[in-house]
Amino acid sequence: MSAPAQKRIIFQHIDEPGYTDDLACYLKHGGYEVMKRAFARPPQELIDEVKKSGLRGRGGAGFPCGVKWGLVDRKSGKPIYLIVNADESEPGTFKDRYIMYQDPHQLIEGTIISCFANNVKQAYIYIRGEMAEGAIILEKAIAEARAAHFVGPNILGSNYSCEIFVHRGAGAYICGEETGLIESLEGKRANPRIKPPYFPAVLGLYQCPTIVNNVETLCHVKYIVDVGGEAFTKIGTPNNTGTRIFCVSGHVQRPGYYEFPAGTITMGQLLYDVCGGPLPGRIFKAVIPGGSSAKVMRFGERYKGKRKVGADMVDYDWGVEDVPMDFDSLAMVGTMGGSGGVIVMDDTVNMVEALANINAFYSHESCGQCTPCREGSLWMKKISTRMVHGDARPGDAALLKSVADQIPGRTICAFGEACSWPTQSFYLKFKDEFDGYSDAKKTLPADRRVLV
Amino acid sequence: MNLKPETLKRIDEVITHYPVKRSATLPLLHLVQEDAGHISDEAVAWIAQKLELEPINVLEVVTFYPMFRRKPIGRRHIKVCRTLSCALVGGYKTCETFEKEFDTHVGINHISPDGEVTVEFVECLASCGTAPVVLIDDTLHQKVDVTKAKALSAQIKAEAAARK
């Protein structure tokens, strides 16, 4: 079965010849019309549309956006803040970059609509520090929107005022974690906060109710308010509504971004039909489906069980290629859709060396406040790097696993899970390769690609 | 602190973006670093005073975030992505090429002998579909294989020669 056609909603104008990042171009393509119509409706109606749409957050966790908005404390009398999480840092993910660099007004319109719906007067876009040019593009776009009265005081004479400021991070992955991000925006180290009590919806920025949404999520909100929540549910599959943007990288013929109705494309269709399959003479070995912390899938393995189709429970027996690329199916086979970052590895890759690369990342990025994560990620890095560059011992694989098993559930934020899942899943799926690495190393080509 | 008038203007403006002054810590660190090249002890004290904080409140932020540096670096800052998607298509070779071209070692504490560059191996730059990627100062360069890394190095050297 060949792949379905792409459906470009969020990425409609990305890489379109002649499409520019300025306001004039955006207006020519119907820009800010959805916002104008939204302002004529009661805010609660907009929230209801988002709830009805079933939109799930696109930052990684897939938490329903409408539910997130529903949790906001609206009785405290304190201001409500909205933060755009533009700290795109999960290895393998690069979708928000294109939105901000090429279509910044789409994000600004989605942000203002979301602010209006939630009675927010002040929004911040927290963009990762390395995207300095992106910050300049966004600031320029906000200035244009302000001059046209789409942002700022008394927007379009509605008496509603909302300001947006861009805030740059400074190279720390943990700022993508929403409470770490809030700490960072308050001018501190990005140590995530413990929940409870610090749920952002109640005690967020400056201890005020705060909504933190991903860039792509807010662009979906604009589309939902345009077409209606009901119509949005017609795209994709139940519980996985709208489109998903897949960011494919690694060993495929055509890496890049692809937008499809959620749940309508399988891993096999994405990698073979859309991305052109493996490089010449190679075969796929493994794929990480949702950013580097998602558990790895091994080509050749089978996933079996029962799943709900409509009202019935049916048996499924899938290979990696058969798994639909939606949040629920990927969770069912023991991994996750996450942020949509699909990293593909072919048979040239040694899995111990790939894991050592990932472990170096997580060790570098642990904020350090919880001992299991700070020490565990460091030891996983040290052990796996030593296996590659030093002496690989027969007990190393079991040692790695034992360190990984002692981290999740013992940390303040989900980084504990994120840093241990790669080691746990690589070991589980490629046990042979880990156990045999000390011998295999002697025969691996000396000029092989360095991964760590 | 001897900062440019334009920097001081931007500092005063950015503080107004927040209801709490401390929030301006990262923006001020960015502005001071862009102006002065690095964050000195004097800069830490100056920012603390500007935001009505203790110097340690600023210093602990400087040491947490990888983008802030305590010492001067080369004229150009080359950041090669180290993380998996780039490594899978030769990121380590790309980094090695820059090291060789400028006769230097990777790391924020090294400056090439000609004073021209500091090469850093950084974590994911979020452009994995066009790997390997490299940031030179603030500009992203995509699909930087060995050939392209050599071409970029030649360009930096030519710009340096033109300045002399």
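In chain B, residues 24 or more positions apart account for 57% of the contacts with a separation of 6 or more, where a contact means two C-beta atoms, placed from the backbone, within 7 Å. Welcome to a predicted model, in which local features need pLDDT of at least 70, side-chain atom pairs count only at pLDDT 80 or more, and totals for chains, interfaces and linings use all residues. Residues are numbered from 1 along each chain as its sequence is written, while chains are lettered from A and ligands numbered from 1 in the order in which they are written.

**Chain B**
- Chain B has 7 helices and 4 strands; helices (H or I, at least four residues) and strands (E, at least two) are DSSP runs, numbered from the N terminus.
- From the N terminus, the order is α-α-α-α-β-α-α-β-β-β-α.
- Domain 1 covers 5-64 and domain 2 covers 76-163 of chain B, with bounds from an automatic or database domain assignment.
- The centres of these two domains, taken over C-alpha atoms, are 29 Å apart.

**Burial**
- Of the 164 residues of chain B, 42% are buried (20 or more other C-beta atoms within 10 Å of a residue's own, C-beta atoms being placed from the backbone).
- In chain A, helix H5 (residues 95-102) is largely enclosed by the rest of the structure because 6 of its 8 residues are buried.
- Among those buried residues of H5(A) are Tyr98(A) and Ile99(A).

**Where the chains meet**
- Contacts link 48 residues of chain A with 35 residues of chain B.
- H13(A) gives the largest share of chain A's side, 6 residues.

Conventions. A residue is buried if 20 or more other C-beta atoms lie within 10 Å of its own, exposed if 12 or fewer, and partly exposed in between; C-beta atoms are placed from the backbone.
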